[in-house]
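User: Hi! Could you walk me through a few residues in this one?
Analyst: Happy to. Here it is.
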Amino acid sequence: MTSRRADDPQRPLFLTGMMGAGKSTVGPIVAGLWGAPFIDLDRRIERLFGAAIPALFARGESHFRHCEKAALQLLVAEPGFRARTVVVAAGGGLVVDPANRALMREAGVVYFLDVPPAELARRLVVTPLGGRPLLGSDEGAVAARVGELLDNRRSAYEEADGVVDGNGPPQDVAHRLLTALATSLRIL
Ligand SMILES: Nc1ncnc2c1ncn2[C@@H]1O[C@H](COP(=O)(O)OP(=O)(O)O)[C@@H](O)[C@H]1O
Ligand SMILES: O=C(O)C1=C[C@@H](OP(=O)(O)O)[C@@H](O)[C@H](O)C1
Ligand SMILES: [Mg+2]
């Protein structure tokens with residue numbers, strides 16, 4: 001069984017990985033199994049800055065990255081955050097900034113949901129592309145773009161406390177994650 005044990009340390013879990021890895025889909029399932037709240041950092045950003053992700057990107061990627069970093073810093077600074085059991089889905093690019101990586105690892109446990117580029121592209125082309133401005137609007141170019149981003153980011157994703165295979169039904173991924181996490185939490 002993969003649910004939390006009463007004696008597990010209380011730590012936030014950050015889910016990282018590429019767009020399409022399933023962070024926003026698997027995160028709420030893990031939170032439900034764990035009896036913990038779920039926070040999607042992209043939704044926090046939208047609330048904090050009063051604009052949708054594409055609108056923030058329209059002011060430039062660096063503007064979006066600034067908002068993203070501020071949202072992470074504000075979340076982690078909430079009283080008692082580091083001792084909470086909470087599941088946080090990061091946006092796929094949050095790890096690119098080394099300060100964000102360090103902050104997540106300092107504040108909680110970080111897991112990388114690893115999914116091969118072909119599967120990411122398969123998932124992303126059936127999702128409205130406009131919501132992820134970095135992918136552009138050309139379906140045919142998504143696989144190449146995703147492969148390029150993953151090549152650039154892989155080493156940052158791998159600086160996690162653990163890596164979980166994100167292939168397969170979301171429920172299976174959630175259970176896989178909780179099994180891996182149980183081990184991480186007990187050795188903290
Ligand atoms: N394990 C999975 N298997 C198949 N499709 C998935 C899986 N996880 C997510 N998806 C689908 O892929 C798309 C992106 O998922 P999402 O959770 O938003 O990813 P992320 O937050 O990592 O970018 C959605 O259409 C979602 O339904
Ligand atoms: O990989 C990225 O740089 C991004 C991923 C998105 O979140 P998801 O990973 O949840 O799609 C969102 O934060 C933004 O469009 C940028
Ligand atoms: Mg997401």
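Analyst: One cut-off first: a residue is buried if 20 or more other C-beta atoms lie within 10 Å of its own, exposed if 12 or fewer, and partly exposed in between. Also, please keep in mind that this is a predicted model.
User: Thanks! Is Arg176 buried, exposed or partly exposed?
Analyst: Arg176 has 18 C-beta neighbours inside 10 Å, so Arg176 counts as partly exposed.
User: And where does Arg176 lie?
Analyst: Arg176 is part of helix 8, which covers residues 170-186.
User: Which residues is Arg176 in contact with, leaving aside neighbours within four places in sequence?
Analyst: Those are Val164 and Asp165. There is also Val30, 146 residues from Arg176 along the chain, with 9.8 Å between the two C-alpha atoms.
User: Switching topic: which residues does the UniProt "binding site" annotation cover?
Analyst: According to the UniProt record, an unreviewed entry, the annotation covers Asp42, Arg65, Gly92 and Arg153.
User: Let's take Gly92. Where is Gly92 found?
Analyst: Gly92 sits in the loop that runs between strand 3 (86-89) and helix 5 (98-107).
User: Buried or exposed, that Gly92?
Analyst: Gly92 is buried, because 24 C-beta neighbours fall inside 10 Å.
User: What does Gly92 touch, not counting residues up to four places away in sequence?
Analyst: Gly92 touches Gly17, Met18 and Met19.
User: How about Arg65, where is its place?
Analyst: Arg65 belongs to helix 4 (residues 61-76). With 18 C-beta neighbours inside 10 Å, Arg65 is classed as partly exposed.

Terms used
Residues are numbered from 1 along each chain as its sequence is written. Chains are lettered from A and ligands numbered from 1 in the order in which they are written. This is a predicted model: local features need pLDDT of at least 70, side-chain atom pairs count only at pLDDT 80 or more; totals for chains, interfaces and linings use all residues. Helices (H or I, at least four residues) and strands (E, at least two) are DSSP runs, numbered from the N terminus. Two residues are in contact if their C-beta atoms, placed from the backbone, lie within 7 Å. UniProt positions are given in the numbering used here, feature names are shortened, and annotations may be inferred rather than shown by experiment.
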